[in-house]
Amino acid sequence: MKANKITYRIFLIAGFILVNGFILFGIAQILNYLNTGADRASMFHQDVTKENYYTPKVTWKELNNEGRPMEQPSLQIIEQHYLDAWYARAQSLRSGDTQGIQDVYTKNAKENLIAIVNHNADHKTRIESTTLNHDITLDFYSADGNMVTFTDNNVRTYSATYVNEIFKFDTTEIASYKIMMLLEDGYWRIRHQEKIKVGKTSNSNTQPKKFETVIGLNYYPKDSSWDTFNTSFSSEIINSDFQKINMLGFKSIRIFIGYDDFGGANVSEIKIKKLIKLLDVAEVNNLDVIITLFDFYGDYSVLDWSRTQLHAQTIVAAVGNHKALHSWDIKNEPDLDFESRGEQRVKAWLTEMNHAIKETDSIHPTTVGWSTAVAATHLVNTVDYISFHHYQSLESLPEAYDTIEAKSDKPIVLQEFGLSTDFGFWNVFGNDENDQYTYYKKFLEMQKKDSRNYLFWTLYDFENIPSSVAGIYPWRKNKQEHFGLIDLEGTPKESYNLFKSLD
C-alpha cells in the first residue's frame, strides 16, 4: 500500500513538472513570435523580399563623396534596400495595396506615393512597372553613417497602364533621380526621391557584324531531347554528332537554353561551362551556333523582367565573345503565348530583352523564332534578321516568304521545318521514310533555285519526348519522335543519304 502511494506521488510530481514545462515552452514561443513581429525590418523581409526577386542591372559609377568613406558592406545593404523600395513601389502600383511600402519609405516620403496608389484605386487603374538598370553616383555619406544621398542616372523604367483591367498604353522611360536615404532601426529608407531629368529611350547604335549564311539544323543529342545540358552531357557525344553534321555539309546549328534548366536569374556556372564546351566543339567542327536564350519560359510578368534580363545578360556576357557564336534567338515561338499572356505584354518583353542583349553584346545579330510567317512580321524593326517556322506544305512556302518580305528586307531564316516519319498504329494517314525523302528532295530543288537560309528539324529521332513539349497523347508524341534523319536504332534514313550526297 505504501509503495503504491509513493508511485502515485511520483506520477503526480512528474505530471506537474511536464505540464508546467509545456506551459513555459508555449509562453516562450509566444514571446519569441511577438518580439519577431516587433522588428519592422524583419517583417518586411519576410513579407516582401526574397533572394533575387528583383534584379535590375546596378552600377555604382562614383563612390567619392564629401562625407565618410563608403564601406563595401554598407554599400551592398544600401543598394539592396534601395531596390526593395523600387520593388515595393511597383507592387503597390500593381495591386493597390500600400502595406509593402510602409517599411521602405520614411513617414513623410510615402505620403505622396500612397496618395497616387489611392487615386489609382478610385479610378480602377493599376500600373505594372519595373526598372531595368540603375547607374548610380554617390553624392554624400554622413559621418555617423545614418544618411546617404546619391544620383541614380538613366533609370530605364517600363510601365503598362490598365483601366478596369483593360490595357490602355505602355511607356519606356529613361530618367534620373536625386535620392536621400536614412538609416532607421536598422533599415535604410527613402526620405526623398526627386525625378530631375527625363531622356529618350534608345537602342544600341552599334551595327552587328555582317549576317552569315545559315544552312543546317536544330540540334539535341539523341538521348537528351529538350535537355541538352543535363547530367549525361558528354563532349564526346557532342563531337561525334557535330562530325556527322559537318559531313552532311552543314555549317549551322541552333541550340536551346531552358530558362529554369539554367537556373533562371541564378544562372548555373556548371551549365555555363557545358555551354562553353559545346561551343568549343562546334568551333573545332566549323559550325556556327545560334543560341535560343529562352525555352520553356512563359511568365512575362512585368515584375519578372529584371530576373529574365539577368538570366540573358549573364549568359550573353559569358559566351558573347566565342568564335562559334552566330547570333542570339531571344525566344522560341513566343507568339504561342499571345492568347494566354497578352500580345502586347509578350512583344514589350521581347523588345526590352533585345535591348538588354544588345547592351551586353552589340556585335552578334538578334532574332526571334516565330512559329509562323505571319507572326514573324512582328518586331521586324527591332531584330537584326527574321526567323519563322513552317510545318505546312512546301507549296505554301513561297507565300510565307512573300508575307515577310512585304514587311521587311532583312535576312530571313526558315528556322524550323521538316516532316515526321510517323506512319503506324497511331497515325495510319502519316508519312513514311519515302515521303520524308520526297519532301526534302523537293525542298532542296527549291533551295537550289532560291538560296534560302534554313535549319531543319532535326538530326535524330527521339525516344522520350517530354509531355511539356508534345502533350500526353501518344499520337502527338509519336509524331514528334520521328522528325530525324537518323532513326532510334541509329540507322540513317533515306533523307540522310539525300543530304549526304550533296556534300
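Predicted model: local features only at pLDDT ≥ 70, side-chain atom pairs only at ≥ 80, totals over all residues.
Now zoom out. The chain has 14 helices and 13 strands. It runs to 503 residues, of which 49% count as buried. If you take the contacts with a separation of 6 or more, 71% of them come from residues 24 or more positions apart.

Back to the helices, this time to α6. Its 16 residues should span 22 Å at 1.5 Å a residue, and its end C-alpha atoms are 23 Å apart, which agrees. Which residues of α6 are buried? They are K271, I272, K274, L275, L278, L279, V281 and A282. The cover over these buried residues includes α5, β7 (252-258), β8 (288-295) and α7.

One of those covering elements, α5, deserves a look of its own. The axes of α5 and α6 (residues 269-284) come within 10 Å and cross at roughly 35°. The crossing is right-handed. From α5, the residues making the contact are S235, I238, N239 and F242, and α6 answers with K277, L278, V281 and A282. L278, V281 and A282 also belong to the buried set of α6.

Another of the covering elements, α7, has a helix partner too. Helix α7 (residues 305-319) packs against helix α9 (residues 343-360) at an angle of about 35°, with the axes 9 Å apart. Here, too, α7 passes α9 in a right-handed crossing. On the α7 side, the residues that meet α9 include W305, Q309, A312 and V316, and on the α9 side they include W349, M353, A356 and I357.

N286 lies in the loop between α6 and β8, and its phi is positive, about 60°, although N286 is not a glycine. With a relative accessible area of 59%, N286 is exposed. N164 is another non-glycine residue with a positive phi, near 55°. It sits in the loop between β3 (147-163) and β4. N164 has a relative accessible area of 48%, so it counts as partly exposed.

At the other end of β4 we reach E184, found in that strand, which covers residues 166-184. E184 is partly exposed, at 29% relative accessibility. Setting aside neighbours within four places in sequence, E184 is in contact with T106 and R189. T106 is 78 residues away along the chain, yet the C-alpha atoms of E184 and T106 are separated by 8.6 Å.

Next, the aromatics. A pair of aromatic rings is described by the distance of the centres and the angle of the planes. The structure holds 41 aromatic pairs.

F417 is in the loop between β12 (412-416) and α11 (433-450) and Y454 is in strand β13, so the link joins parts 37 residues apart in sequence. F417 is buried, at 1% relative accessible area, and Y454 is buried, at 5%. These two rings belong to one aromatic cluster, together with F250, Y439, Y440, F443, F456 and F499.

R126 lies over the face of Y162, 4.6 Å from the ring centre, and R452 lies over the face of Y401, 3.7 Å from the ring centre.

Finally, return to W457 for one more backbone detail. The peptide bond joining W457 and T458 is cis, with omega about 0°. T458 lies in the loop between β13 and α12.

Note on methods:
Residues numbered from 1 in each chain as written. Heavy atoms only, no water. Phe/Tyr/Trp six-rings, centres within 6.5 Å; stacked < 30°, edge-to-face > 60°. Helix = DSSP H or I, 4+ residues; strand = E, 2+ residues; numbered from the N terminus. Buried < 20%, exposed > 50% of the residue type's maximum accessible area, 1.4 Å probe, protein only. Lys NZ or Arg CZ within 6 Å of the ring centre and 35° of its normal. Axes fitted to C-alpha atoms, helices over the stretch in contact; angles between N-to-C directions. Left-handed = near helix turned anticlockwise from the far one by under 90°. Contact = heavy atoms within 4.5 Å. Expected span 1.5 Å × (residues − 1).
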